[in-house]
Amino acid sequence: MSAPPRPRLEGQPATSTGPRDAGPALLRGTAGARRVVAGGVLSSLRSNPPQGDGRFPVAWLRITAPRGATPTATSKCLCGRDRSAVGHGKVLALISDHEAHRDECPLRTTPEGRAAA
């Protein structure tokens, strides 16, 4: 025996069985007026985009040292340098090597800068 169909709750719209297009979203303003929200993607062009100072990251040093576990480190640079180390002593050596690479990296120093120094 099947249960009889449940009556709809008062004030609830009937559900449709077929697919339908979504309509625009509506918002209520503070004065009670309705307005349509624009759909789609925001434009990447802005009237006043933030201005950077021309700097960007070139080299990254990632150190992972969970409590009670073996530390690991990875040193990567846009010039192609990619090194890693496992263990306390080797990680410390990689940190100092990464710091020394700052002065030697061809992307950070120009030939004019090396000659002037």
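A residue counts as buried under 20% relative accessible area, as exposed over 50%, and as partly exposed in between (1.4 Å probe, protein chains only). The structure is a predicted model, in which local features need pLDDT of at least 70 and side-chain atom pairs count only at pLDDT 80 or more, while totals for chains, interfaces and linings use all residues. Residues are numbered from 1 along each chain as its sequence is written, and side-chain values use heavy atoms, with hydrogens and water left out.

**Salt bridges**

- The structure holds two salt bridges, a salt bridge being a side-chain nitrogen of Lys or Arg within 4 Å of a carboxyl oxygen of Asp or Glu.
- One of them joins the side chains of arginine 81 and aspartate 97 at 2.2 Å, N to O.
- Arginine 81 sits in the loop between E4 and E5 and aspartate 97 in helix H1 (residues 88-104), so this pair ties together parts 16 residues apart in sequence.
- Helices (H or I, at least four residues) and strands (E, at least two) are DSSP runs, numbered from the N terminus.
- Aspartate 97 also meets arginine 83 in a salt bridge, at 2.9 Å from N to O.
- That pair links helix H1, which holds aspartate 97, with strand E5, which holds arginine 83, across 14 residues.
- Through shared partners, the salt bridges join Arg81, Arg83 and Asp97 into one network.
- Aspartate 97 is partly exposed at 28%, and arginine 83 is partly exposed at 43%.

**Sheet**

- Three strands form an open sheet in the order E3-E4-E5, with antiparallel pairing; two strands pair if DSSP finds at least two bridges between them.
- Strand E3 (59-64) and E5 are at the edges with a single partner strand each, so one side of each has no neighbour in the sheet.
- From one strand to the next, the twist averages 10°; axes are lines fitted to C-alpha atoms, for helices over the stretch in contact, and angles run from 0 to 180 degrees between N-to-C directions.
- The antiparallel pairing of E4 and E5 runs over five bridges.
- Lysine 76 stands opposite aspartate 82 in E5.

**Surface patch**

- Phe56, Trp60, Leu78 and Leu107 form a nonpolar surface patch with about 460 Å² of accessible area together.
- Leucine 78 lies in the loop between strand E4 (72-77) and strand E5 (82-86).
- Patches are made of residues with over 30% relative accessible area and no salt bridge, joined within 9 Å for like charges and within 5 Å for nonpolar side chains (Val, Leu, Ile, Met, Phe, Trp, Tyr).
- Accessible areas come from the Shrake-Rupley method with a 1.4 Å probe; for residues, only the protein chains shown count as cover.
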